[in-house]
Amino acid sequence: MVSKNKKKQSSASSSSTLSTTQSSSSSNNSSSNNNSSNNNSNSKNNNSKNSNITKKNKENKENEFIEFTLTITNNLLNFENEFNLLQNTLQNNLENNLQNNLQNTLQKIENLLQKVNKFFLQSLNLNNESILLQFLILLQKLNLLKMENLFNFKNLNEKKFNLIFNEILKYHQLLQNNLQNNLQKNNFLNELKLQWNEIFTKMEFYKNKLLEKEYENEIVKKCHKKNICVLYKNENEGKIVVTKINTLQNEILFMESPIVSQIIPILEINPKYKKIHTCHNCMKTIFDKVTVKEFPFLENLFVTIEDYNNLQQKKEEKLVYKICLECDNCNEVFCSKKCLQNAMKDYHILICTKNKCDKICDNTLQQVDNTLQQQSQQHPIELLEKMCQLQKRGTPLMIAKMLSIILMKSVTNFLSHFLKDLQNGVFLQHTENLQNTLQNSLQFGFHEFSRFIQSEMSHDHDTLAIELIKESFVKSIFVNEENCNEISLQFLQQVAKNCNATIPIDNTLSQNSEFIKILLKMINIICDIVNYRSLNGLILRNCTTIHPITEIHEIKNHILQQEILKNLHKPLDSTLQKNTQIIDNNCDNNCDNNCNNHCNNHCDNWNEEFLQNCKEFNELSLQGMGAFTIHNCINHSCIPNIVTMSNQLNHNICVKTLQNLKEGDELFISYVDENLPYLERKEKLLEQYLFECHCNKCLQKL
């Protein structure tokens with residue numbers, strides 16, 4: 001019974017437990033369902049809240065965007081008003097010649113330009129083409145207003161003027177690129193296009209005005225008379241030169257000195273090349289003992305300065321030996337201290353043959369001539385000179401000088417930006433605008449040659465020529481050309497002189513790794529084959545032949561003239577006989593040209609025609625070529641109204657009128673012999689200068 005009861009109890013207990021479990025389970029399920037229902041309800045509420053928040057945020061952002069757009073638009077309108085006020089202020093300053101106010105106006109324009117630029121950058125986020133273009137137009141208008149103010153500001157020095165002008169041009173180009181890209185995308189904003197075209201036209205006008213101003217300064221610097229000016233005519237004809245005064249026929253209109261000149265190293269043209277002394281800078285013949293020895297007909301006319309001072313009488317019948325100045329490191333000579341200094345400042349320090357090179361592209365040299373390989377220990381410039389002689393070409397040496405000028409100007413300009421840092425010993429420690437300064441300096445270096453008409457023209461072994469020039473630069477600038485880890489003190493001292501500043505020349509500068517990188521980068525950029533070929537084209541299309549006269553040509557003393565005529569030919573050869581007969585129509589045909597009386601009779605007829613036709617006199621100076629800034633702007637005509645003469649003691653040229661000219665008349669020279677037949681002239685002009693002439697003579701095919 002007990003056991004049964006226990007079983008019953010156990011069963012009841014089990015049943016109770018099961019019931020409780022089921023009840024608990026049911027309760028849990030119910031609870032779980034309730035929780036799930038609550039969670040779903042909460043989730044819906046949360047989603048609804050999130051949706052409301054998102055919607056509200058979107059609305060807020062839209063409102064902010066609208067508000068931002070309104071702010072930008074309102075600022076744009078305000079800026080337009082400020083611009084109009086500044087424009088009126090500038091006009092008032094100009095009308096009343098208020099120069100002192102122009103500086104203040106210039107600063108106000110700059111301040112407004114910066115403010116507008118700041119909002120312009122913010123407006124990029126709007127993706128609104130209309131507002132973007134309006135900002136760009138306004139920025140261009142402000143830039144143009146700055147340009148107008150600049151051109152009328154007479155108290156500004158040239159350096160500051162050019163600096164501001166270049167900043168304006170750069171910003172103009174930046175805006176131009178941005179604006180044109182947007183105008184191309186949007187075809188509906190015709191009004192903005194018209195505004196842009198008007199601004200562009202005005203900006204081009206000021207660029208041409210600066211060009212004229214620049215040439216005006218060149219005329220003052222390089223020409224001895226201010227009788228001419230350079231103007232920009234139009235896109236087709238470009239620059240022209242006009243006379244500023246009325247002139248008569250056969251008057252000297254102006255003289256000009258070249259940017260650079262070079263004697264032609266070809267013996268067929270210059271038989272006395274390297275035999276007589278001529279100034280490496282100005283091509284003047286230096287009549288020292290070396291030179292006079294080459295001309296026996298002059299020897300008994302020259303005495304030393306000591307002997308000349310000891311002469312008691314007839315001093316006017318003797319000439320004094322000149323003393324030439326030599327470069328300290330090479331055999332090049334100069335006629336004066338000024339020429340030596342100018343050469344060192346501009347180019348000579350980079351092409352001075354002071355160092356012997358250990359190695360130089362032997363395999364490539366063999367392509368030029370086998371003899372060069374045996375002389376490969378020579379300096380690169382000496383090898384370049386030999387290459388010129390073998391190829392009968394003078395341009396590579398001229399290009400070497402040009403590239404030297406470009407590099408010296410670029411380095412000098414670069415260092416001039418850091419004078420304070422150099423003096424304070426913190427040179428190139430802050431390199432934020434380093435690349436921009438480098439680019440500006442290179443642009444400055446190339447600028448003088450960029451104004452010439454250029455087209456790439458190659459020649460045999462031009463890649464070798466540029467490598468020789470580059471090697472010469474590296475040898476001249478660095479102490480050790482192999483590792484280039486130290487800059488030559490001599491080079492640094494010359495650059496310091498060019499900067500007209502006191503720069504501490506020490507190891508801090510000479511071993512400055514950043515500066516060394518800059519120099520190597522400059523050398524690599526400048527000594528590029530494209531630049532070499534462009535300068536080669538410049539020389540062939542723009543340079544002028546130079547053949548200076550000498551002091552002997554200018555002798556006025558009749559006794560000296562007679563002595564030279566006596567010494568020239570004993571007996572006189574047929575050339576002189578012909579010349580003397582030409583210059584004296586009264587000459588007796590039966591006259592014995594071998595007698596001394598003949599020279600006595602003809603000494604009064606020492607004239608230009610005789611001097612030009614006499615072979616010995618032509619060899620007294622060496623022929624060369626020069627790049628002339630102003631002369632290069634003169635256009636061609638087969639009916640020229642001026643002629644270029646090389647009748648100076650140095651590389652300067654002289655321009656003389658061929659007819660009467662009125663103020664404002666354009667000047668014309670003939671690039672070819674105008675007496676040639678029409679077809680020959682046409683062929684030569686097309687071949688060398690790449691154009692056809694349409695003057696009256698050519699139109700009539702005369």
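Reply: Gladly! Let us start with a word we will need: contact means heavy atoms within 4.5 Å. Keep in mind that this is a predicted model.

Me: With that in hand, which residues is Val-333 in contact with, leaving aside its neighbours within four places in sequence?

Reply: There are two groups to look at. His-277, Thr-278, Cys-279, His-280 and Ile-286 are in contact with Val-333, and so are Cys-324, Leu-325 and Glu-326. Val-333 itself is found in strand β8, residues 333–334. Ile-286 is 47 residues away from Val-333 in sequence, yet their C-alpha atoms are 8.9 Å apart in space.

Me: Why does Val-333 count as buried?

Reply: Buried means under 20% relative accessible area. Val-333 has 3% relative accessibility, so it counts as buried.

Me: And what makes Lys-701 exposed?

Reply: Here the cut-off is over 50%. Lys-701 reaches 60% relative accessibility, and therefore counts as exposed. You will find Lys-701 in the segment after α27 (696–699). Its phi is near 55°, a positive value in a residue other than glycine.

Me: Where does Lys-392 lie, and what is its phi?

Reply: Lys-392 sits in the loop between α12 (380–391) and α13. Its phi is positive, about 55°, although Lys-392 is not a glycine.

Me: How do you know whether α16 is roughly parallel or antiparallel to α19?

Reply: Look at the angle. The axes of α16 (residues 462–477) and α19 (residues 513–526) come within 10 Å and cross at roughly 160°. Angles over 145 degrees count as roughly antiparallel, so α16 is roughly antiparallel to α19. The crossing is right-handed.

Me: Which residues meet there?

Reply: From α16 come Lys-470, Val-474 and Ile-477, and they meet Leu-519, Ile-523 and Asn-524 of α19. Sorted by class, this contact has 4 nonpolar, 1 polar and 1 charged residues.

Me: What makes a set of residues a nonpolar core?

Reply: Its members are buried residues of nonpolar kinds, such as Leu, Ile and Phe, joined through side-chain atoms within 4.5 Å. The largest such core here has 107 residues, and Leu-298, Phe-414, Phe-515, Ile-552, Ile-564 and Phe-617 touch the most other members. Helix α13 (residues 395–416) gives the largest share, 13 residues. Beyond four places in sequence, Phe-617 is in contact with residues including Phe-297, Ile-552, Ile-564 and Trp-606. Another core, of 40 residues, lies apart from the largest one, and Val-116, Phe-120, Ile-199 and Met-203 are among its members.

Note on methods
Residues are numbered from 1 along each chain as its sequence is written. This is a predicted model: local features need pLDDT of at least 70, side-chain atom pairs count only at pLDDT 80 or more; totals for chains, interfaces and linings use all residues. Side-chain values use heavy atoms; hydrogens and water are left out. Axes are lines fitted to C-alpha atoms, for helices over the stretch in contact, and angles run from 0 to 180 degrees between N-to-C directions. Helices (H or I, at least four residues) and strands (E, at least two) are DSSP runs, numbered from the N terminus. Angles under 35 degrees count as roughly parallel, over 145 as roughly antiparallel, 65 to 115 as roughly perpendicular and the rest as oblique. A crossing is left-handed if the near helix is turned anticlockwise from the far one by less than a right angle, and right-handed if clockwise. Ala, Val, Leu, Ile, Met, Phe, Trp, Tyr, Cys and Pro count as nonpolar, Asp, Glu, Lys and Arg as charged, and the others, Gly among them, as polar. Buried means under 20% relative accessible area, exposed over 50%, partly exposed in between (1.4 Å probe, protein chains only).
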